Amino acid sequence: VSPRVLRGDFLLLLLPLTSCHLPQKIWLLKLQRDMESSAGDYEVFLSFRGPDVRNGFADHLYTSLARAKIRTFMDEEELQKGEGIAPSLVRAIPESKIYIPILSERYASSKWCLLELAQMVDCWKQGKGHLILPIFYLVKPRDVRHQEGPYHQAFEQHAHKHSPQTVKEWKEALREVGQLKGWHVTESRGEGAIVDEVLSKVESHLRSMYALVTDELVGIDTPMEEVMKLLNLESSKERVIVGIHGMGGLGKTTLSKAVYNEICAQFDRCCYLEDAREVLAKSDGVVSLQNKVISTILEGDHHVQNASEGINMIKNRVCKHKLLLVVDDIDDKFEFNKILGKFGDFSSGSRFILTTRYTRVLYFILDCKLYEPREMSHHHSLKLFSKHAFGMNNPPEEDAGISKEFVKVATGLPLALKVIGSLLYRRKRKCWEEKLKELQSIPSSENMLQERLKVSYTDLSHNEKQIFLDIACFFAGSHKDIPYYMWSGCDFYPESGITNLIHRSLLKLDERNQFWMHDLIKDLGRAIVREDVRNPYNRSRIWSTDDALDMLRNREVKILVKPDVKFNNDHDKLLTSKGFEKLSGLRYLEVRYGRMVGDFSQVLPNICCLRLYKCGSIPTNVNTKKLTVLDMEGSNVMDDWKGWSGMKVIHFSLPFLIFCDN
């Protein structure tokens with residue numbers, strides 16, 4: 001398979017022969033961690049005739065697209081076998097969003113190029129949002145459009161080899177593409193400038209295509225108009241910042257994403273920062289947010305080591321662009337000047353949107369305009385509830401009365417309407433009546449919404465509850481692969497569990513297969529764990545670094561712990577095997593930037609998933625009795641690592657994943 005087809009992941013499947021005495025299992029060795037190179041992940045498809053442009057224009061264009069983090073399919077097979085398009089191309093063409101045929105002088109002489117072009121035009125005509133951006137490389141557009149010059153000669157040859165219908169389809173495809181607006185590369189015009197223009201067009205189109213996750217935008221038109229009015233988009237001379245505030249579950253995030261989707265194409269660069277409150281709660285939170293802004297705006301792997309360096313980088317490089325920046329879910333730890341620098345340093349025409357539950361934090365941001373969304377009207381509330389409870393815009397006549405009672409319970413909060421509606425989907429009338437009584441019995445209080453959301457949690461099975469709590473405590477924002485295999489090893493049946501959580505509106509999977517959970521639902525999960533026992537060291541899950549370190553030194557946990565340890569190059573602090581001796585029930589352990597020393601062969605007998613990220617030293621004798629995932633990314637594991645010998649004794653009761661950099 002072409003190396004560029006495999007730029008992201010390389011998946012090696014080693015299947016024991018059926019004649020072996022070993023059980024038939026699969027060992028999956030993943031050499032890279034991008035998780036983004038299956039055919040359905042491509043954004044741009046390049047079509048070209050190799051000898052004409054492969055080592056010149058096509059390579060320059062591909063390099064520019066790749067540098068901008070645009071996932072691009074570029075087939076490197078010079079000769080394709082068979083009579084049809086290769087399977088990888090069959091998948092990549094319809095799944096790509098933008099097609100760039102580089103129409104060189106001898107492009108039409110290749111039947112493979114013409115097959116690709118015909119399929120691209122067919123997908124484009126289906127009206128599913130595909131875009132064709134033709135590049136006429138040292139060839140006149142009219143020669144392409146009317147098959148003149150070298151294109152006429154090419155079709156004289158094709159007429160002897162292919163059916164009249166096939167030739168007709170190819171000519172029609174060239175005629176369609178030849179009429180489209182594109183770029184004409186000539187001897188007198190530099191290729192570099194055209195590559196820059198193509199890149200800019202691709203970026204602009206992708207920004208307008210990519211809608212952030214915003215489902216069921218019921219009744220959102222008026223709030224969007226009001227926010228955009230505050231942003232004053234007509235003015236290109238001023239900088240504007242708008243703060244959207246209000247209680248949790250009101251739809252602030254959905255509103256900010258809808259506005260972002262609507263206006264992002266008007267800016268040079270855009271960035272949406274999610275879960276700022278949770279990021280800033282970490283020791284390196286400020287630098288993490290800065291790096292996200294810098295890498296997104298500058299479109300590359302740019303990273304800073306400290307906040308001061310970050311502010312300088314933002315001032316000197318980021319601020320030069322006309323920006324749209326959204327920071328979702330901030331609290332009092334967010335200080336604009338200390339994270340992003342001076343507001344006045346940003347380019348004129350830039351716009352900023354902040355969302356928060358805490359109105360007071362916006363008072364300290366100079367010139368911030370405030371906007372508070374209102375609860376949904378009864379009409380819109382009933383419509384949103386019906387979408388989730390019945391799969392339609394309005395309830396059936398016989399269920400209209402009880403539906404209105406549930407709408408009252410939700411008090412106009414979109415999150416409550418979705419979760420409650422999803423809970424009732426395809427349930428019997430008796431269940432509806434019981435759930436209504438249960439919800440109505442919850443007294444009014446500060447945590448009333450959380451208590452009402454908890455009704456959906458209590459209705460889950462045991463395995464689904466474990467998956468839900470794991471995601472709420474550890475895996476929100478993470479790719480599903482690693483926890484999926486861990487849950488499989490624990491017999492939690494994740495395929496059905498994840499599906500049910502999604503159907504209950506407690507969870508979403510984004511386009512990159514990463515878990516997304518509303519911050520209120522995430523808070524609910526963590527509150528449930530806290531309720532289990534008052535002593536934090538005996539809870540089923542520990543996600544606080546300080547609690548985890550203290551627990552390792554002094555205490556015992558029952559089931560699960562994730563010490564998110566960051567030593568900041570302080571190598572005097574170690575995690576020894578002795579600290580884990582009493583943690584026999586541990587099934588998941590993650591250590592970041594730490595050092596693990598000692599004999600681990602007799603500890604952690606139930607560990608299913610061990611993640612060691614950028615650790616200075618890692619154990620070479622891990623207990624592999626129940627291990628299904630070993631993640632050593634960034635820990636400098638080479639082929640001479642002594643721990644590989646321990647891998648030979650693993651009995652593969654499940655698919656097994658090893659992650660490393662080499």
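Me: In this predicted model, where buried means under 20% relative accessible area, does aspartate 519 count as buried or exposed?
Reply: Aspartate 519 is found in helix H24, which covers residues 519-532. The cut-off for buried is under 20% relative accessible area, and aspartate 519 has 12% relative accessibility, so aspartate 519 counts as buried.

Me: Which residue's side chain does the side chain of aspartate 519 join in a polar contact of 3.2 Å?
Reply: Leaving aside residues up to four places away in sequence, aspartate 519 touches Arg277, Asp329 and Arg357. The polar contact of 3.2 Å joins the side chain of aspartate 519 to that of arginine 357.

Me: How many disulfides does the count come to?
Reply: A disulfide requires a pair of cysteine sulfur atoms within 2.5 Å. For cysteine 264, which is buried at 1% relative accessibility, the nearest cysteine sulfur is that of cysteine 270, 5.1 Å away, and cysteine 264 is in no disulfide. Cysteine 609, buried with a relative accessible area of 0%, is likewise in no disulfide, the nearest cysteine sulfur being that of cysteine 608 at 8.3 Å. By this rule the count of disulfides comes to zero.

Me: What is the accessible area, together, of the nonpolar patch that Tyr363, Phe364 and Leu370 form on the surface?
Reply: Leucine 370 lies in strand S13, residues 368-371, and is partly exposed, with a relative accessible area of 34%. Patches are made of residues with over 30% relative accessible area, so leucine 370 at 34% passes that cut-off. Together, Tyr363, Phe364 and Leu370 have an accessible area of about 400 Å².

Key
Residues numbered from 1 in each chain as written. Predicted model: local features only at pLDDT ≥ 70, side-chain atom pairs only at ≥ 80, totals over all residues. Heavy atoms only, no water. Patch = residues over 30% accessible without salt bridge, like charges linked within 9 Å, V, L, I, M, F, W, Y side chains within 5 Å. Areas by Shrake-Rupley, 256 points an atom, 1.4 Å probe, with all protein chains shown as cover. Salt bridge = Lys/Arg side-chain N within 4 Å of Asp/Glu carboxyl O. Helix = DSSP H or I, 4+ residues; strand = E, 2+ residues; numbered from the N terminus. Buried < 20%, exposed > 50% of the residue type's maximum accessible area, 1.4 Å probe, protein only. Polar contact = N/O pair within 3.5 Å; in protein donor to acceptor, adjacent residues only side chain to side chain. Contact = heavy atoms within 4.5 Å.
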